[in-house]
Amino acid sequence: MDHDFWQRRWNKNDIGFHRDNVHVLLPRFWADLHVAEGATVFVPLCGKSHDMIWLAEQGYKVVGVELSPVAVAAFFAEQNVTPQTRPEGEFTVSSHGSYEIWCGDAFALPDKLLDQVSAVYDRASLVALPEDLQAKFAGFIAQKLPANAPIFLITLDYDPSEISGPPFNISHDRIAALFQATHAISFVHSHDAMGEHGGLRDRGLTALQESLHVLKRKA
Ligand SMILES: C[S@@+](CC[C@H](N)C(=O)[O-])C[C@H]1O[C@@H](n2cnc3c(N)ncnc32)[C@H](O)[C@@H]1O
């Protein structure tokens with residue numbers, strides 16, 4: 001799953017993963033994290049997700065990272081705003097109001113940015129990564145983010161013999177394998193998500209569970 005794969009998807013507008021509404025689990029469970037208003041929420045692999053708008057509306061500063069400049073431009077254009085842009089090393093940073101989106105490879109983000117993060121919102125980020133990058137992502141989360149920043153992790157689980165990713169199936173056991181050495185893992189919720197993923201049904205999938213876990217770094 002190289003960078004070109006995602007750049008091509010955005011360039012062709014092949015973005016079946018994008019939702020035009022806020023994810024149902026975000027307003028339902030976010031408050032349980034008790035993240036203070038005004039804090040910075042990090043949204044890895046953010047695309048042009050409307051969940052960032054909901055987070056900003058709750059009074060958070062939203063820092064996203066996204067490979068595709070097409071996605072970043074679309075996020076701001078769809079809100080009818082023109083962001084300010086600046087170069088930061090290999091990134092282009094677009095900012096407006098509560099939003100700051102870093103365009104580039106998430107794994108190359110500078111420590112000084114991640115030090116400010118109070119919580120992480122992950123929908124369709126871990127599941128976008130193949131197995132080797134999932135492990136790299138878990139290491140990145142454990143090493144680069146402040147110990148007191150909880151992670152709101154939404155994943156998909158299905159029988160991988162039916163389709164190949166992305167999205168990749170992330171079972172509860174996989175979450176444990178990736179994070180249990182560093183994080184306490186709380187299972188919060190799971191539901192049948194087949195109805196919202198017609199594209200995956202068309203690819204041959206017959207059953208799909210979407211789950212929410214909250215991860216907190218162990219002392
Ligand atoms: C499945 S999409 C999910 C987007 C968004 N989280 C959402 O819910 O709509 C995964 C996104 O991750 C981006 N991406 C993939 N690898 C990345 C990386 N290494 N650094 C930054 N973004 C990346 C892709 O361009 C794509 O927009």
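Trainee: Phe 17 first. Is it buried, exposed or partly exposed?
Mentor: Phe 17 is partly exposed, with a relative accessible area of 24%. Buried means under 20%, exposed over 50%, and partly exposed is in between (1.4 Å probe, protein chains only).

Trainee: What am I looking at, and how is it numbered?
Mentor: This is a predicted model, with residues numbered from 1 along each chain as its sequence is written. Local features need pLDDT of at least 70 and side-chain atom pairs 80 or more, while totals for chains, interfaces and linings use all residues; side-chain values use heavy atoms, without hydrogens and water.

Trainee: And Trp 6, buried or exposed?
Mentor: Trp 6 counts as buried, at 16% relative accessibility.

Trainee: How many aromatic pairs are there?
Mentor: The count is 13. Rings of Phe, Tyr and Trp (its six-membered ring) pair if their centres lie within 6.5 Å; planes under 30 degrees apart are stacked, over 60 edge-to-face, the rest tilted. Trp 6 and Phe 17 have ring centres 5.9 Å apart and planes at 70 degrees, so that pair is edge-to-face.

Trainee: Where do Trp 6 and Phe 17 sit in the chain?
Mentor: Trp 6 is in helix H1 and Phe 17 in the loop between H1 and helix H2 (25–29). They are 11 residues apart, and the pair links distant parts of the chain. Helices (H or I, at least four residues) and strands (E, at least two) are DSSP runs, numbered from the N terminus.

Trainee: What about Phe 107 and Phe 140?
Mentor: Phe 107 and Phe 140 also form an edge-to-face aromatic pair, 5.8 Å centre to centre with 80 degrees between the planes. Phe 107 lies in the loop between strand S5 (99–103) and helix H5 (111–114), and Phe 140 in helix H6 (residues 131–144), so the pair ties together parts 33 residues apart in sequence. Both Phe 107 and Phe 140 are buried.

Trainee: New topic. What volume does the largest pocket have?
Mentor: About 960 Å³. Of its 47 lining residues, the closest to the centre are Trp 6, Phe 17, Arg 123, Ala 124 and Ala 128.

Trainee: How is a pocket defined?
Mentor: On a 1 Å grid over the protein atoms alone, a pocket is an open set of points where a 1.4 Å probe fits, with protein on both sides within 12 Å along at least five of seven lines; lining residues have an atom within 4 Å of a point. Its volume is the space filled by probe spheres set on the points.

Trainee: Which elements line the largest pocket?
Mentor: Helix H1 (3–11), strand S2 (61–66), strand S6 (117–123) and helix H8 (198–202) each supply at least two residues. H1 gives the largest share, 4 residues.

Trainee: How many of the lining residues are charged?
Mentor: There are 11 charged, beside 24 nonpolar and 12 polar. Asp, Glu, Lys and Arg count as charged; Ala, Val, Leu, Ile, Met, Phe, Trp, Tyr, Cys and Pro as nonpolar; the others, Gly among them, as polar.

Trainee: And the second largest pocket, what volume?
Mentor: About 150 Å³. Its lining includes Glu 131, Tyr 158, Phe 168 and Arg 174. By class it divides into 4 nonpolar, 4 polar and 2 charged residues.

Trainee: Last one. Where is Lys 48?
Mentor: Lys 48 is in the loop between strand S1 (40–43) and helix H3 (51–57). With a relative accessible area of 11%, Lys 48 is buried. Lys 48 and Glu 66 are 8.6 Å apart, C-alpha to C-alpha, and 18 residues apart in sequence.
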